Amino acid sequence: MAFIPETLLLGHHGTEGAGRAEDLAFQLAAPGHSRVLHLLVVPDFWAGMQGDDWLNNASTRDVFARYVEGMLEKDAAEQVAALGARCRARGLEYSSLVRFGDPTQCLLEAAAAHSVSAVVIGPPRPKGVPGFRSGVDFAALVRSVRTPVIIASRG
């Protein structure tokens, strides 16, 4: 008997690994039956982004902070809209959660707060691949979550 999930919690933030997790979620989900709950986490390291090394007064730092916040919000909205459209095109119900914080903790909280059949995430970013190192603590996630965790392969 095949595993047909009702709700997949998909950790997705626009990276190559997230794309692999998306592909896997689409393979597991059943059109007309499954729902994708998209969790997009804005890592908490952005909270300290003030440009102190080159911005020389509080007013300029505030303007810069609002700019960074606006860019993060715009990026999140674009990713949510795009993934939502791809899910609907496949006949899947879609909803999203955008959170600010530690990715592992946000996944654990979302899995606990929502009735999910499984958590689907991408593989760790290989060494040497550019990007932020804000990833998931796989051991902590698997140890603490109460539903299956499915990690997409690198390819």
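This is a predicted model: local features need pLDDT of at least 70, side-chain atom pairs count only at pLDDT 80 or more; totals for chains, interfaces and linings use all residues.
What about disulfides? A search of the whole structure turns up 0 of them. A disulfide is a covalent bond between the sulfur atoms of two cysteines.

## The overall layout

Stepping back, the protein chain has 155 residues, and 39% of them count as buried. It holds 4 helices and 5 strands. Read from the N terminus, the elements go β-α-β-α-β-α-β-α-β.

Look at the contacts in the protein chain with a separation of 6 or more: 77% of them come from residues 24 or more positions apart.

## The largest core

C87 shows up again in the largest nonpolar core, a set of 16 residues where L10, C87 and V120 have the most contacts. Four elements each supply at least two residues of this core: β1 (7-11), α1, α2 (58-89) and β4 (118-121). Which of them gives the most? That's α1, with 4 residues.

## A look at helix α1

Helix α1 covers residues 16-28, which makes 13 residues. From its first C-alpha to its last, α1 reaches 19 Å, close to the 18 Å expected at 1.5 Å a residue.

Which residues of α1 are buried? They are G17, A18, A21, E22, L24, A25 and F26. A handy thing to keep in mind here is that an α-helix has 3.6 residues a turn, so residues three or four places apart point the same way.

## L39 and C106

Now for strand β2 (residues 35-43), where L39 lies. L39 counts as buried because its relative accessibility is 3%. In sequence, L39 and C106 are 67 residues apart, yet their C-alpha atoms are 8.3 Å apart in space.

L39 touches C106, along with L107, A110, L97 and R99. The list also takes in L9, L10, G11 and H12, again not counting residues up to four places away in sequence.

Technical notes. Residues are numbered from 1 along each chain as its sequence is written. Side-chain values use heavy atoms; hydrogens and water are left out. A disulfide is a pair of cysteine sulfur atoms within 2.5 Å. The expected span of a helix is 1.5 Å times one less than its number of residues. Buried means under 20% relative accessible area, exposed over 50%, partly exposed in between (1.4 Å probe, protein chains only). Contact means heavy atoms within 4.5 Å. A nonpolar core is a set of buried Ala, Val, Leu, Ile, Met, Phe, Trp, Tyr and Cys residues joined through side-chain atoms within 4.5 Å.
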